[in-house]
Each structure stands twice: as C-alpha cells, then as structure tokens.
Amino acid sequence: MESAPAAAFMERERLTAEVTFSGDAQAAASEGAERLPSIIVKIRRRLPDFARSVNLKYVRLGIRHGGSLTSYLPMLCVPVLAAAAYSFVRLDVIYLSIDLLSCVAWLGTAMLLLTVYYFKRPRPVYLVEFACYKPEDQNKITKEAFLDMTESTGCFNDETLAFQTKITTRSALGDETYLPSGVLARPPRLNMAEARLEAEAVMFGCLDALFASTGIDPRRDVRILIVNCSLFNPTPSLASMIIHHYKMREDVKSFNLGGMGCSAGLIAIDLAKDMLQANPNSYAVVLSTENITLNWYFGNDRSMLLSNCIFRMGGAAALLSNRRADAGRAKYRLLHTVRTHKGATDECFKCVYQREDDVGKVGVSLARELMSVAGDALKTNITTLGPLVLPLSEQLKFLKSLMMRRVFRAKGVRPYIPNFRRAFEHFCVHAGGRAVLEEVQRSLSLEDKDMEPSRCALHRFGNTSSSSLWYELAYAEAKGRVKRGNRVWQIGFGSGFKCNSAVWRALRDVPAVSPPPAGAAAPGPEEKACNPWVDCVAKYPPKAYV
C-alpha cells in the first residue's frame, strides 16, 4: 500500500534508486553460504524529464533571439522586387509613364533595403585557431598516487579518506591527469608565488602555441583580450599579466572574468562576439583556465572534497576574428550563443558556493540539488536554442504536440522533445563528472559516440573547468571527424547557476593528427602544443571507462 506514495515521492523529487549487491555478499553467494546476501540501495538525484514541461516563454525567447529586423531585410526585398517586376510587365502605351515610375520606385525601395542590410548586417565571427595546454610529464598523477598524496597530508580523517577513495575510483578519470607542482610537492607549497607560476605556465603555454600557429603578432594585432578564471584573481589581473608578458598595444581592450564557474568560457566567447561587432577588422583572444594551487581543500566537509577528486590542471586559448580575409583560413564560424542564468532563486544561487567549513577552511561546496538545478538550467537553455538550430520538420513536430496539449486539451499527449542529433554533428558537453555526462546523455537521447569526446576528455585530462569544451573539440579534430559544414554544440554549466551554449559551423575539413613514427623528431611546436591529443589519441576511446 505504501509503494505508490513512495514512487510518487521519488518521481516528484527526481530520485533514482539503484539496487546492487555488496562484494562480500556476492562472494558468499558464490561459495554457497547460507546467510542472506546484503543489498545496497543507492538513491541519487537525476536531471528532470524534459518531456514533462516546456515553458513557452523560453521558446518565444529563442524566436526573438534569432535575429533583429536587419536579418529579415533580404526577405523583405523579395515582395518589393516582385512588385517592381509586375509594374514593368504591365508597361504599355497608356500607362507607360505611371507604371515606369512605379517600377523605378519599387526598385529604389529594394536597393535602399539592401543598402541598409549591407551596412547594418552583423559582422561574421570566425574561430581562426585554438590551442589547449598540455602540462609537462612531471605534473602527471595517477589515481593511486592521488590517494597516497591525500593520505600523506595528514589533514583528512578516516571517513573522508574513504569518501575520496570512493569518489576517485568512480570518477572516470584516468591515470594521466595533471596537478600543479605546488600541490604535488611534499609538503604542499600552496602560496601566491606557486599560484602565479601555475597561471603563467598554463596561459603562456597555450598562447605561445596559438601565436606560433597563426602567425599573429600579439604586440601589434591583438585588440581585444578576455581572460576567465573563477577562483584565482590576483592584482594585477591575469589579463594584465598577459599584456605585460607579450608587451601588447596600449589601446588593447582587456577583460578579466572571475567567479563565473565552469561555463565562463562560453561567456567569454559571447563577450568577444559583442566586442567584435563593435570593433571592425579586429582580432580577439579568449583564454579560459582555472587555478588549482590556492583552491585545494584540506578539510573534512564532504561537499567540498569533490573538487579535489575531479578538478585538474588545464587551460585553452582561442583566436577570434571578424576580418573577412580570415574566412579562408579559419576553422569555424560562430552561429549562435545562448546564455541562461538561474541565479534569481536561492537553490540555484547556492548549489555551487565558496565558503568556510566548520573549522574555517575555505572550499567550494557542491549541494545535493546540483543535478536538479543543472537540469532546469539545461532545459531552459535548449528550449531557447531550439528555434535557432532545429530543422523545420522538428519544429513542426514540436508545434503539433504543443497544439494538441494547449489548444485541443488532448489527454495523454506528451510534449515532443526534438531530436538535436538532426541539428548537430558534434556535441561538446562540459566534462563536469561521470554522473553529469550520463544524465545529459539520457535526457537528450544522445548516443555513446556523441558523448565520446566529453568522456575521453574527462578520462585523459579530468575536469579542467571552462577549458574542458576545447579539449573535447580538439579530440574530435584529432580523430579527423570534423568536416566542412559540420555543426558543433558546446554546452557549459557553471556556478550561479548558469547553462550556456555556443554553436559553430566548420568552414573546412580538419585533418586527423597522428603521432610521429618511432625514432622521428618530436612534433613541431604548432602541432604539438595546439592539439593535446597528438601522442595519445590512438589509445582512445578506452575499451572501458574506469
């Protein structure tokens, strides 16, 4: 009698129950033991079912997001030209002067609309190249070494050590992720100097590769610089450190985005897009990273220990341009950016929260409601994005189901969830963790191959925060899967709570990378540094994700 209320409660709270047998129970059963096996019931929160509710205001927002009046001016010219053609056909002796004037007037109107469109049209935003940072081998750490390091600090009790062991074992991270030297040192050197060294190694490492690959002179060519790093914001800023190192021009427009979480990379792309609309013939550099050194947590609050187990060292830099001369060499063109911010509610605002624990140690707390909050933000974001990217057939199916439910009040008709695999060829979902990737795949009905870049990036490099999306795109390029005309969907989640999307279209085929043959010289700085998968892509995907 109590099963129905319990099921209703679990459905309302978005909970999933998983029943497994303990290892001892399985051994006892195999040995023929008479004792009953012990059962482990795991309750975890899942993403919302997108088929249950679709808020129409976000659909309308997506339609309005699709473009301004300027984007519709070429379509307005069609009836105007048709009217001009009709006036010209009706020319005869009687109406010669009147219809000729009408024809000229319609043609003049069409020319005016086309002229307005030419000068008011949005400038194209090209992604010329991007480079992901690959740390030195001395910064590699295996899962076993990470657990030994954690225990050797003496800062954690037995309970939290067991918790970190469980999380690390199930994290889907591999044995070749990277941590900064200050964290790996014994005893750890967690100070401002080490944090600056980590930031400089990451930022200058990927920027050097980017400038060498593109031939850009940072002293002369870069007019816009945007850096995002959530938890390390020294004075002078990271942007100022880059300007000082490369001796950039005095009128460079620099921005330093802090505290915006793992989705800040796409926020920086959106900001760069707006800046490129206002500054013609310009290059913009976007650098996304996170600093580990000063944000390692040495307390015993479980909600703050997750970041130690999954966050790793990394960063990426991208060169954007609005110069039409770069269309021939650019890899991608930016089509859409959609940003969703759920910070108006307390639950969303505090689900990823930097605070002090009971003994005053600072860390980033991840709330139990994180999956639910992330799901609501994702639902809002894709509902807004849908009208911009989905083919007409998918939009009509969605409209049909919506009419049946809202207009005809038909019972039992569930909203149609569009097939986003018809809109995109590549998916780059923020590698926030194994559970996040599994739930996003289930909710969007994606295939394992769609999630392969995200899972492989998590396994090889860990959660590198906002730069993880670029490691995933680099994986698709390294495999030679990116072809001209392909569309790429980048999805980022971050504190606040935010969900952001960027849509790119490939302008050319990107050839696969291959490691140098045995005994050959090491890859050049361009190939080696821009794509971090050169020496390991052949091993991926692994047969089984750990």
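**Entry 1. Helix 9**

I began at the start of helix 9, where a side-chain oxygen of Asn191 comes to within 3.3 Å of the backbone nitrogen of Ala193. The model I am reading is predicted. I then checked the length of this helix. Helix 9 covers residues 192-214, and its 23 residues should span 33 Å at 1.5 Å a residue. Just after helix 9, I found Gly215 with a positive phi of about 75°.

Pro187 sits in the loop between helix 8 (181-184) and helix 9. The peptide bond joining Arg186 and Pro187 is cis, with omega about 0°.

**Entry 2. The chain as a whole**

I next recorded the totals. The protein chain has 19 helices and 15 strands. Of its 546 residues, 49% count as buried. The chain exposes about 26400 Å², and carbon and sulfur atoms supply 57% of that area. Among contacts with a separation of 6 or more, 79% are between residues 24 or more positions apart.

**Entry 3. Confidence**

I looked up the confidence values before going further. The mean pLDDT of the protein chain is 82, and 75% of its residues reach 70 or more. Which elements have the lowest and the highest mean pLDDT? Helix 2 (residues 23-30) has the lowest, at 44, and strand 6 (residues 222-228) has the highest, at 98.

Over residues 17-43, pLDDT stays under 50, and the model has 30 contacts beyond four places in sequence for them. Over residues 93-98, pLDDT also stays under 50, and the model has 2 such contacts there.

**Entry 4**

I turned to strand 14 (residues 487-494), in which 7 of the 8 residues are buried. Strand 13 (residues 426-429) pairs with strand 14 in the parallel sense over 4 bridges. Within this pairing I located His426, whose bridge partner in strand 14 is Val488.

Strand 14 and strand 15 run antiparallel and are joined by 8 bridges. Trp489 stands opposite Val503 in strand 15. The hairpin of strand 14 and strand 15 has 3 residues between the strands, and Gly496 in this hairpin takes a positive phi near 135°.

**Entry 4. Ser501**

Is Ser501 buried or exposed? Its relative accessibility is 2%, so Ser501 counts as buried, the cut-off for that class being under 20%.

Two polar contacts involve its side chain. The side chains of Ser501 and Asn381 are joined by a polar contact of 2.5 Å. The side chains of Ser501 and Trp489 are joined by one of 3.0 Å. Leaving aside neighbours within four places in sequence, I listed the residues in contact with Ser501, among them Leu266, His336, Thr337, Val338 and Leu385. That list also includes Gln490 and Ile491, besides Asn381 and Trp489.

**Entry 5. After helix 19**

I moved to the segment after helix 19 (525-530), where Asp535 is placed. Asp535 has 48% relative accessibility and therefore counts as partly exposed. Which residues does Asp535 touch, not counting those up to four places away in sequence? They are Lys134 and Pro515.

With Lys134, Asp535 makes a side-chain polar contact of 2.5 Å. Pro515 is 20 residues from Asp535 along the chain, and the C-alpha atoms of the two are separated by 5.0 Å. Pro541 is also found in the segment after helix 19. I noted that the peptide bond from Tyr540 to Pro541 is cis, with omega near 0°.

Finally I looked up two loop residues. Ala172 is not a glycine, yet has a positive phi of about 75°. Ala172 lies in the loop between helix 7 (158-170) and strand 5 (177-178). At 6% relative accessibility, Ala172 counts as buried.

Asn281 has a positive phi near 50° and is likewise a residue other than glycine. Asn281 lies in the loop between helix 11 (264-278) and strand 8 (283-289). With 55% relative accessibility, Asn281 counts as exposed.

Key. Residues numbered from 1 in each chain as written. Predicted model: local features only at pLDDT ≥ 70, side-chain atom pairs only at ≥ 80, totals over all residues. Heavy atoms only, no water. Buried < 20%, exposed > 50% of the residue type's maximum accessible area, 1.4 Å probe, protein only. Polar contact = N/O pair within 3.5 Å; in protein donor to acceptor, adjacent residues only side chain to side chain. Contact = heavy atoms within 4.5 Å. Expected span 1.5 Å × (residues − 1). Pairing = 2+ DSSP bridges. Areas by Shrake-Rupley, 256 points an atom, 1.4 Å probe, with all protein chains shown as cover. pLDDT = per-residue confidence, 0-100.
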